[in-house]
Amino acid sequence: MGGKLLIVGFGPGSVDHMTKRAREAIEESDVIIGYKTYIELVRDLIAGKEIISTGMTEEVSRAQAAVKWAERGKTVAVISSGDAGLYGMAGLVYEVLIEKGWTKDDPIEVEVIPGISAIHSCAALLGAPIMHDACTISLSDHLTPWELIEKRLEAAAAADFVIALYNPKSGRRTRQIVEAQRILLRHRSPETPVGLVKSAYRERQQIVLTDLAHMLDHEIGMLTTVIIGNSTTFVHDGLMITPRGYQRKYHLTAAVQPLKPHERLRKEAEPWALEQTKPLNGGPVLEPTSEPETERPRVSLPSASLPLSASSAPLPAAARQAKESGSAIPPVQTEGNRPMAAKEVAEDALAALTHRSMRPVPVLFEAAVSPGVANKQFTPEQLIVLAEVVGPDGKMTYTPDHYMKIERLTEDPAGLTARLVAAGLTVMPVGEVLTVKACDFCDGEKKDAIPYAEELARRLGGMTLPKELKLGVNGCGMACYGAVREDIGIVYRKGKFDLFLGGKTVGRNAHPGQLVAEGIPKEEIITVIADIIEYYKEHGHPNERFHKFFARVKQIGPFRHEEATAAAAVETAACGD
Ligand code: SF4
């Protein structure tokens with residue numbers, strides 16, 4: 001049985017700007033999955049439906065949940081603001097499906113429903129700033145290495161794209177927008193118009209028109225989109241406008257144009273065209289016959305290596321010149337005798353990009369590293385390897401879960417893992433995964449339960465689950481490593497295991513797990529735990545902690561949940577009474 005996955009971009013947020021198909025898709029869905037804020041934006045349309053809303057950064061669990069519901073035959077709408085295919089959920093849902101071996105012939109049907117992205121909604125509010133080649137760059141370095149973002153900024157700035165910056169700043173990410181401005185100022189005039197639009201078409205919409213030099217003087221946050229003009233963008237009466245280029249050929253106010261229709265296709269009318277500046281076989285450039293070389297109009301863009309001075313004002317001045325001169329092909333600014341600077345800039349950027357694309361891209365390598373499940377002692381040699389793997393720019397954190405968490409950017413995560421494993425270290429993923437937390441079995445003296453702890457770590461360690469889960473294994477009834485407080489705890493006692501489910505280690509309502517079974521034969525414990533984990537993986541909601549899951553489902557296999565006794569209300573006398 002195959003359901004349907006509708007990946008819906010609902011635009012800026014108001015129903016007026018949602019497409020008809022987006023509304024229909026939400027209406028026909030049984031299940032709506034989305035980030036909490038997005039769910040609130042469409043609250044009026046989803047009454048009576050199964051709703052799964054999770055927080056920011058939980059995109060993967062939302063995509064997994066959507067696929068799971070579709071596998072059960074449901075019609076599922078995965079909603080994103082803006083366009084689902086631009087920093088939205090469309091790509092991720094496809095990736096999760098493909099990981100499961102999905103093809104177009106499978107029973108699960110997928111439809112991506114486009115919406116208006118921020119670049120378009122914000123541009124409409126600002127005027128017409130993206131009338132020419134434009135690009136979007138997200139400044140969020142949570143999933144993309146900053147080094148790569150920097151290269152994209154550099155290339156887009158050099159190639160004179162209008163640039164829309166998404167995710168420019170957040171509470172903790174404050175440096176990125178400063179760096180972006182620094183890079184852009186290397187290529188563009190400080191007077192380049194910049195539009196800052198917050199919450200386009202929502203209640204708290206704010207629009208600010210400023211310039212590149214002063215953009216950081218204004219509020220920029222998570223909900224702001226920053227649109228940076230190209231070298232021809234100008235401001236008129238509070239509107240930000242980028243010319244499409246018509247003024248290079250035509251009078252914008254004349255009823256009759258000096259160029260007749262057939263002349264518009266002549267080379268002389270387009271001296272900036274590719275074939276006139278760069279013939280196919282490398283032969284000589286054809287010069288227009290009607291005008292001498294020195295008078296030929298040229299498009300002037302900032303050089304990739306030289307910052308524009310404030311006096312090299314871009315097209316607004318050129319447009320004025322054109323208007324004043326009355327020329328059909330107005331003398332757009334020249335830059336000395338340099339021919340076609342725009343093309344040179346574009347070619348340089350292209351060459352640089354081609355060169356860069358051949359290099360491997362660094363990724364964030366994160367891992368939980370320990371000497372072993374039972375072993376808690378790093379050797380000096382292992383610590384040296386760890387330090388070398390982390391390197392001068394990485395991070396190493398000792399965690400309460402008995403492992404070192406290491407983080408660094410690398411182009412070779414597999415090579416780093418191999419080095420750690422070769423040093424006798426255990427390497428596990430981090431995040432919403434299962435971690436086995438065993439005691440040290442009295443430094444190996446009470447060793448009977450060690451093989452079971454190691455087998456559980458081998459079979460289940462690192463497994464992706466709705467929420468991170470700790471499985472505690474203690475080697476005797478002392479349970480001194482606190483297995484009974486973990487999500488799942490097993491304690492070895494008299495040759496058998498006691499099982500505790502649903503503990504909570506921290507918080508004001510921290511509590512031990514419920515003792516659900518005593519004396520489970522040791523040869524059965526692996527299967528018992530694997531079955532519990534499988535059930536949680538299958539039926540847990542995204543982000544649902546195991547203790548909440550156990551309380552919700554009431555029964556996992558033979559193990560029944562029992563409500564804890566409510567805390568007694570005690571009348572206390574004020575201090576000193
Ligand atoms: S739980 Fe028991 S076996 Fe494990 S370290 Fe503590 S006393 Fe030793």
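The following legends describe close-up views of a predicted model.

**View 1. Helix α3 and its surroundings.** Helix α3 comprises 13 residues, 59–71, and spans 18 Å from its first C-alpha to its last, close to the expected 18 Å. Its buried residues are S61, R62, A63, A65, A66, V67, K68, W69 and A70. The cover over these residues includes the strands β1 (4–9), β2 (31–35), β3 (50–54) and β4 (75–80), together with the helices α4 (90–99) and α14 (522–539). Just after the helix, G73 adopts a positive phi of about 95°.

View 2. R62 pairs with E59 in a salt bridge whose closest N and O atoms are 3.9 Å apart. The two residues lie three positions apart in α3, so about one helical turn separates R62 from E59. R62 is buried, because its relative accessibility is 4%, whereas E59 is partly exposed at 28%.

**View 3. The buried aspartate D83.** D83 is located in the loop between β4 and α4. This residue is buried but forms no salt bridge, and R21, the nearest side chain of opposite charge, is 13 Å away. Beyond residues up to four places away in sequence, D83 contacts G9, G88, P114, G115, I116 and S117.

View 4. Most residues other than glycine have a negative phi. S199, however, has a positive phi near 50° and is placed in the loop between β9 (193–198) and β10 (206–211). Y201, in the loop between β9 and β10, likewise has a positive phi, near 60°. S199 is buried, with 8% relative accessibility, while Y201 is partly exposed at 26%.

**View 5. Further salt bridges.** The whole structure contains 25 salt bridges. In one of them, R43 and E40 bring their closest N and O atoms to 2.7 Å; both R43, at 37% relative accessible area, and E40, at 48%, are partly exposed. In another, R458 meets E455 with an N to O distance of 2.8 Å. R458 and E455 are three residues apart in helix α13 (residues 450–460) and are therefore separated by about one helical turn. R458 is exposed at 59% relative accessibility, and E455 is partly exposed at 24%. Elsewhere, salt bridges with shared partners link K4, K20, R21, E24, E28 and E111 into one network.

Terms used: Residues are numbered from 1 along each chain as its sequence is written. This is a predicted model: local features need pLDDT of at least 70, side-chain atom pairs count only at pLDDT 80 or more; totals for chains, interfaces and linings use all residues. Side-chain values use heavy atoms; hydrogens and water are left out. Helices (H or I, at least four residues) and strands (E, at least two) are DSSP runs, numbered from the N terminus. The expected span of a helix is 1.5 Å times one less than its number of residues. Buried means under 20% relative accessible area, exposed over 50%, partly exposed in between (1.4 Å probe, protein chains only). Contact means heavy atoms within 4.5 Å. Lys and Arg count as positive and Asp and Glu as negative; His and the chain ends are not counted. A salt bridge is a side-chain nitrogen of Lys or Arg within 4 Å of a carboxyl oxygen of Asp or Glu.
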